[in-house]
Amino acid sequence: MSTTAPTAPVAVVAVVEAAPGTTATPTPRAARKRAVRPDGTPRWAELAARATVWTTVPSGLWRLALGVGILVGFSGELAAVFENNTPGWGTAYLVTLSGLAEFLAFLTLGLVRPWGEVVPSWIPLIGGRTVRPLAAIVPAAIGSAVLTYIGTSALFGGWADQLSDPEAPQGLAAVVMTLCYLPMIAWGPLVAAVTFAYARRTLGRRR
């Protein structure tokens with residue numbers, strides 16, 4: 001029995017398949033698929049949700065510094081108020097405020113995580129239940145609107161009015177305070193973007 005050599009195209013395919021470490025160039029369609037998780041969550045929504053968590057960290061650290069007795073640039077009667085109440089009830093207030101802000105920002109991750117669609121089993125009474133989309137969408141949308149309004153108001157006049165107080169931080173202290181609170185302006189728009197992605201994904205499944 002005679003054998004015949006594989007034709008050139010077949011041989012090329014065999015060599016490519018056998019060559020270790022050889023990978024085909026991803027097609028544009030494959031690249032788009034990698035930009036979306038199997039559950040339909042866009043990559044950009046995941047990044048936006050992670051960024052949301054970090055928007056409250058700088059201002060939280062600034063408040064914690066104030067809570068342990070560092071005046072961070074305040075003077076006059078305002079400085080006296082902080083000196084008399086930190087450490088003290090003022091510390092508890094600032095720690096609680098910072099923790100609450102971080103907790104609310106952390107909840108945004110639920111819009112891109114499984115626990116935003118099914119309640120974790122370890123939660124009493126409601127663990128394992130499916131989250132109704134609107135139960136997450138409505139509060140998130142309202143929260144993003146409120147946060148966007150607050151951030152916009154601060155950006156266009158409100159923050160300048162506060163810093164115009166002669167007892168407020170001035171100079172370098174004012175710059176540090178501004179930089180710490182500046183990321184919070186992005187909090188509302190980021191939540192709105194992640195909420196949109198969540199609504200599009202979850203409500204689309206119910207059609």
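**Pockets, cores and local backbone features of the predicted chain**

The second largest pocket of this predicted model has a volume of about 180 Å³. Its lining is formed by W115, V119, P120, W122, I123, I126, R129, T130, V131 and R132. By class, seven of these lining residues are nonpolar, one is polar and two are charged.

The largest pocket, in turn, has a volume of about 1400 Å³. A total of 49 residues line the largest pocket, and A101, L104, L147, M184 and W187 are the ones nearest its centre. Two or more lining residues are contributed by each of the helices α4 (57-67), α5 (76-85), α6 (89-107), α7 (133-163), α8 (172-181) and α9 (187-205). Among the contributors to this lining, α7 has the largest share, with 14 residues. The lining of the largest pocket comprises 36 nonpolar, eleven polar and two charged residues.

Along the sequence, the order of elements is accordingly written α-α-α-α-α-α-α-α-α. Of the 207 residues in the chain, 29% are buried. Among contacts with a separation of 6 or more, 67% are between residues 24 or more positions apart.

The largest nonpolar core contains 16 residues, and L111, V112, V194 and Y198 have the most contacts inside it. Helices α3 (43-55), α7 and α9 each give two or more residues to this core. With residues up to four places away in sequence set aside, L111 touches A136, A140, V194, T195, Y198 and R201. A second, separate core has twelve residues, including L66, V72, A79 and L94.

Apart from neighbours within four places in sequence, E46 makes contact with R37, V112 and R113. D39 occupies the loop between α2 (28-34) and α3. The relative accessible area of D39 is 28%, and D39 is therefore classed as partly exposed, between the limits of 20% and 50%. Although D39 and R113 are 74 residues apart along the chain, their C-alpha atoms are separated by 9.5 Å.

Most residues other than glycine have a negative phi, and most peptide bonds are trans. The peptide bond that joins T86 and P87 is cis, with omega of about -10°; P87 is situated in the loop between α5 and α6. V72, which is not a glycine, has a positive phi near 45°. This residue, V72, is placed in the loop between α4 and α5 and counts as buried because its relative accessibility, 18%, is under 20%. V72 is also one of the residues of the second core. A positive phi is likewise found in L125, again not a glycine, at about 70°. L125 lies in the loop between α6 and α7, and its relative accessible area of 82% is over 50%, so L125 is exposed.

Notes: Residues numbered from 1 in each chain as written. Predicted model: local features only at pLDDT ≥ 70, side-chain atom pairs only at ≥ 80, totals over all residues. Heavy atoms only, no water. 1 Å grid on protein atoms, 1.4 Å probe; cavity = no way out; pocket = protein on both sides within 12 Å on 5 of 7 lines; lining within 4 Å. Points joined across faces, edges and corners; volume = space filled by probe spheres on them. Helix = DSSP H or I, 4+ residues; strand = E, 2+ residues; numbered from the N terminus. Nonpolar A, V, L, I, M, F, W, Y, C, P; charged D, E, K, R; others polar. Core = buried A, V, L, I, M, F, W, Y, C linked by side-chain atoms within 4.5 Å. Buried < 20%, exposed > 50% of the residue type's maximum accessible area, 1.4 Å probe, protein only. Contact = heavy atoms within 4.5 Å.
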